Amino acid sequence: MADPSTTLPLTRASVLAAHSLIKSYIHETPVLTNTTLDQLASTPRTPEELRGTEWEATERPANPKIRFWFKCENFQRIGAFKARGAFHAVERLKQTEGLEGLRKGGVVTHSSGNHAQALSLAARENGIPAHIVMPTISPPPKIAATKGYGANITFSGSTSTEREAVTREVIEKTGARLVPPYDHPDIILGQGTAALELQRQVAASLSTSGTTNRRLNAIISPCGGGGLLSGTALACSDLSPSDPSTPGPILVFGAEPSFSGADDGRRGYYSGTRIESVKSLTIADGLRTPLGAYPWSIIYERKLVAGMYSVGEEEIKKALRLVYERMKVVAEPSAVVGLAVALFNEEFRSMVEREGGEEGWDLGVLFSGGNVELAALGRLFGEE
């Protein structure tokens, strides 16, 4: 990977530069709305719905007004936002090291699937060998897709420590350049381009409809290693009053699964100490990694993320079912964690009610990907 000391500064301006560099390689994914989900989010939960949850004793359930804007990165190339960071990383390496040098040793990464596919695609389009370290428990469709892009796959254990150890072995054998899945400035800047597009798309939609008294108030992003969340935070920082796509401040929030300690980002955020190891088998398999050092510096140290929230496995499943049944789009469990927070986390909902008041909030939700095994989906809902 490019030496971090030579990378662009971690600012909104650099996210804009990243978008210019990769826009010919990526899709500008659609932004969808859904009246039914708006109504569900804007209706207080009943005592029966809260029974058995940590908010069971709540005297007054939250009553926010929420209008969703879904940025559908499940329609991105390789089916996930990861294409943005991978293409940006490869383009930056081409600038600093030259294409011929990269073609000799190739690139390498460790990933449970989406970043693996993204880097494999970016490498293939440039004639660069791709070496991918994947956990043995990676979903079969993600393994097959990665192989389909011509990558050389080496399997490892599921923890980040195990993945990184095998990756070092591959580097020693091949001389490949490491392109980490999230913990590098070039990756973060590439991922932030999704939020740039969302800002412009929402502003254009509101302008076309003649709605001049509303704007995008906040964005909620899934958080695993933190590349997408920290990139989103950069894209929403240092906003210019003269930019019609950002007429006011945009708050950024992170969403995680709580199962078996997968909410390391939330726990670290509120304790002030980054948690460096996570071992969870949450159904949101793309969010099983600990928050990286660079994302942490943006999310916590620079305070560019306004809050972190989590939800349980059942809430994720409920949100996923709603997306399939009401929106008719394919999403993976990791992608809907932000929606689950907005629908089911009373702490988040109370905050939106308090901050949004009677007008409520226009809330951007990043659907991070749609790479899901149909058989696994059947098992997931067959358990209900």
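Reader: What volume does the second largest pocket have?

Author: The second largest pocket comes to about 330 Å³. Keep in mind that this is a predicted model.

Reader: Which residues sit closest to the centre of that one?

Author: His110, Glu164, Pro180, Tyr182 and Asp183 are the closest to its centre, out of 17 residues that line the second largest pocket.

Reader: And which helix gives the most to the lining of the second largest pocket?

Author: That's helix 8, with 6 residues. By class, the lining of the second largest pocket splits into 7 nonpolar, 5 polar and 5 charged residues.

Reader: OK, what about the largest pocket, how much space lies in there?

Author: About 590 Å³. The largest pocket has 30 lining residues, and Pro139, Thr282, Ile283, Asp285 and Arg288 lie nearest its centre.

Reader: Which helices each supply at least two residues of that lining?

Author: Helix 7 (140-148), helix 8 (160-174) and helix 17 (374-382) do, for the largest pocket. The largest share comes from helix 17, with 4 residues. Helix 8 also turns up in the second largest pocket, where it gives the most to the lining.

Reader: How do the classes divide in the lining of the largest pocket?

Author: You get 13 nonpolar, 9 polar and 8 charged residues there.

Reader: What lines the largest cavity?

Author: 26 residues do, with Phe81, Lys82, Gly286, Leu287 and Thr289 nearest its centre. Helix 6 (114-124) and helix 11 (227-235) each put in at least two residues of the lining. By class, the lining of the largest cavity has 7 nonpolar, 14 polar and 5 charged residues.

Reader: Where does Leu281 lie, and is Leu281 buried or exposed?

Author: Leu281 is in the loop between helix 12 (264-271) and helix 13 (293-301). Leu281 counts as exposed because its relative accessibility is 54%, and the cut-off for exposed is over 50%.

Reader: And helix 15, how many of its residues are buried?

Author: 8 of its 8 residues are buried, so helix 15 (residues 337-344) is mostly covered. The buried residues are Val337, Gly338, Leu339, Ala340, Val341, Ala342, Leu343 and Phe344.

Reader: What about the phi of Lys328?

Author: Lys328 has a positive phi too, about 60°, and is not a glycine. Lys328 is found in the loop between helix 14 (313-327) and helix 15. Lys328 is exposed, with a relative accessible area of 65%.

Reader: How many salt bridges does the count come to?

Author: The count comes to 21 salt bridges. One of them pairs Arg60 with Glu353, with the closest N and O atoms 2.5 Å apart. Arg60 lies in the loop between helix 3 (47-50) and strand 2, and Glu353 in helix 16 (residues 346-356), so the pair ties together parts that are 293 residues apart in sequence. Arg60 is exposed, at 53% relative accessible area.

Reader: Which residue does Asp263 form a salt bridge with?

Author: Arg266, and the closest N and O atoms are 2.7 Å apart. Asp263 counts as buried at 5% relative accessibility, whereas Arg266 counts as partly exposed at 27%.

Reader: Where do Glu314 and Lys317 lie?

Author: Both are in helix 14, 3 residues apart, about one turn of the helix. Residues three or four places apart in an α-helix point the same way because the helix has 3.6 residues a turn. The side chains of Glu314 and Lys317 meet in a salt bridge of 3.6 Å, N to O. Glu314 counts as partly exposed at 44% relative accessibility, while Lys317 is buried, with a relative accessible area of 6%.

Note on methods. Residues numbered from 1 in each chain as written. Predicted model: local features only at pLDDT ≥ 70, side-chain atom pairs only at ≥ 80, totals over all residues. Heavy atoms only, no water. 1 Å grid on protein atoms, 1.4 Å probe; cavity = no way out; pocket = protein on both sides within 12 Å on 5 of 7 lines; lining within 4 Å. Nonpolar A, V, L, I, M, F, W, Y, C, P; charged D, E, K, R; others polar. Buried < 20%, exposed > 50% of the residue type's maximum accessible area, 1.4 Å probe, protein only. Points joined across faces, edges and corners; volume = space filled by probe spheres on them. Salt bridge = Lys/Arg side-chain N within 4 Å of Asp/Glu carboxyl O.
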